[in-house]
Structures are given as C-alpha cells and as structure tokens.
Amino acid sequence: HNKMIMPIIRELCNEHKVDVYYSCRAEHPPLLNTNRFPDFENLAEFNDAVLTFIQNQKIKNVILSARWTKYCVQDPDSTDVALTDRLGTKEPPEIVFERALLETLQILHDLDIRVWIIPQVPYQKRNPIDLLFHAHRLGRDRDNLGVTIVEAQSHHQVANDIFDRTPAPLATFLNPLPLFSNKNGHTKIHIDGDSRYRDEDHLSN
C-alpha cells in the first residue's frame, strides 16, 4: 500500500521542495511493539529502527498507510495471523491494533511529530481490470462496476471505528473514500476507462 501512494507523495514533495524518506515492507504494519507470531517475529525490531531513524533525522511529519483491515480483523478463512504484540501474546487482533496505534501515535506526538494517516481505499470484490475489460467488450456502464459505498465502509468498519476513537490531537486522517465515490452510490474504479486499481485492494500507479 505504501509503494502505491509513493509516486504522488514524491511528486508533491518535489513540487514543494520537501525531502521525503519512506519505509515500505510487505506484511509489516507501521505500529510499534507489534509482531505477527509465528509468521513474522522481527516486525517490532524493524519498526523500532524506523522510529530511531525518524528521531535521528529530526523528521517532523509522518504519513502512515497500510492494509489496516488485514491487521485488525482475523480472516476466518485464513491461517494468516492478523497481529500480535511484541511477545506474541494471544489477544484479539483488534485490541492489539488499537493499543499499538494509540501507543505509536502518542510516542510520535510526544516527539512533536505531526502524523497523517491514510485509511484504506475501497476493497473491490473482483479485479477491477477484469471488470473494465468485460464492460468495454460488452458495452456496459463502467460507473456501476465498483462495490457500493456502503459495502466499502462495511469492509473496513473495524479499522475505521478504531480510527474514529483516536483522539484528534494525535493524528490527522486523510480519508480517500470521497475521491472514490460516484453519485450513483458505487465506488469509482476507473478514470476515463483506465483502472485506478492494480488488483482488488491496491491502487495502480
């Protein structure tokens, strides 16, 4: 998710002559004191190193993005571990997620760092590229292909509820949903026929 938004971040930073560093690692949410036992046991160490880098470089603005829902909801059809604390304690992932989020934000806030969080873009049930291909082939309306806005909100409900409970001074949320909403109640998956998505859950770049 981070890599997909980096082109626009770099473009904006170049435009405003601002230096930018980014840390992207697959399956690693940007939350301190978390691991994903038994699959990933060095997540906490990685995030510790990122925090140290932020402090050493005296960075004052941080943007956090991730596939948030993956880490706070345990998929009943998957053996993939959503999230654990640093020691791998067995707790519901949404509890670990909210605690780690607040702790991470508080640490950054105490360092006088401003945090921006980008919630997930709408998750599509089917690959948008395939949907657009068949719609073009059959001459169908492309603006009805995305999931409904209600479905999009429901899919990320747990993460968004946690975000809604986050104290305002700790983070500013840059909600992408309005940019992905059609007036017909469906989410946008294309711009002039070109897919906004690489797959069901990642933006194209």
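**Close-up 1. W68, F97, F163 and F173 come together in one aromatic cluster.** The model shown here and in the following views is a predicted one. Across the structure there are six aromatic pairs, and the rings of F97 and F163 make up a tilted pair, because their centres are 6.3 Å apart and their planes stand at 50 degrees. This pair links distant parts of the chain, with F97 in helix 4 and F163 in helix 7, 66 residues apart. Both of these residues, F97 and F163, are buried.

**Close-up 2. Helix 4 and helix 7 pack against each other at an angle of about 35 degrees.** Helix 4 spans residues 93–110 and helix 7 spans residues 157–164, and their axes are 11 Å apart. The crossing in which helix 4 passes helix 7 is right-handed. On the side of helix 4 the contact is made by E94, F97, E98 and L101, and on the side of helix 7 by V158, I162 and F163. Sorted by class, the residues of this contact are five nonpolar and two charged, with no polar residue. F97 and F163, which take part in this contact, also belong to the aromatic cluster with W68 and F173.

**Close-up 3. The rings of F180 and Y197 form an edge-to-face pair, because their centres are 6.1 Å apart and their planes stand at 70 degrees, where over 60 counts as edge-to-face.** F180 lies in the loop between strand 5 (172–173) and strand 6 (190–191), whereas Y197 lies in the segment after strand 7 (194–195), so the pair ties together parts that are 17 residues apart in sequence. F180 has a relative accessible area of 7% and is therefore buried, and Y197, at 1% relative accessibility, counts as buried as well. R196 lies over the face of F180, at 4.6 Å from the ring centre.

**Close-up 4. H202 is a buried residue in the segment after strand 7.** The relative accessible area of H202 is 16%, and the residue counts as buried because the limit for this class is under 20%. The C-alpha atoms of H202 and I5 are separated by 9.6 Å, although these two residues are 197 residues apart along the chain.

Notes. Residues numbered from 1 in each chain as written. Predicted model: local features only at pLDDT ≥ 70, side-chain atom pairs only at ≥ 80, totals over all residues. Heavy atoms only, no water. Axes fitted to C-alpha atoms, helices over the stretch in contact; angles between N-to-C directions. Helix = DSSP H or I, 4+ residues; strand = E, 2+ residues; numbered from the N terminus. Left-handed = near helix turned anticlockwise from the far one by under 90°. Contact = heavy atoms within 4.5 Å. Nonpolar A, V, L, I, M, F, W, Y, C, P; charged D, E, K, R; others polar. Phe/Tyr/Trp six-rings, centres within 6.5 Å; stacked < 30°, edge-to-face > 60°. Buried < 20%, exposed > 50% of the residue type's maximum accessible area, 1.4 Å probe, protein only. Lys NZ or Arg CZ within 6 Å of the ring centre and 35° of its normal.
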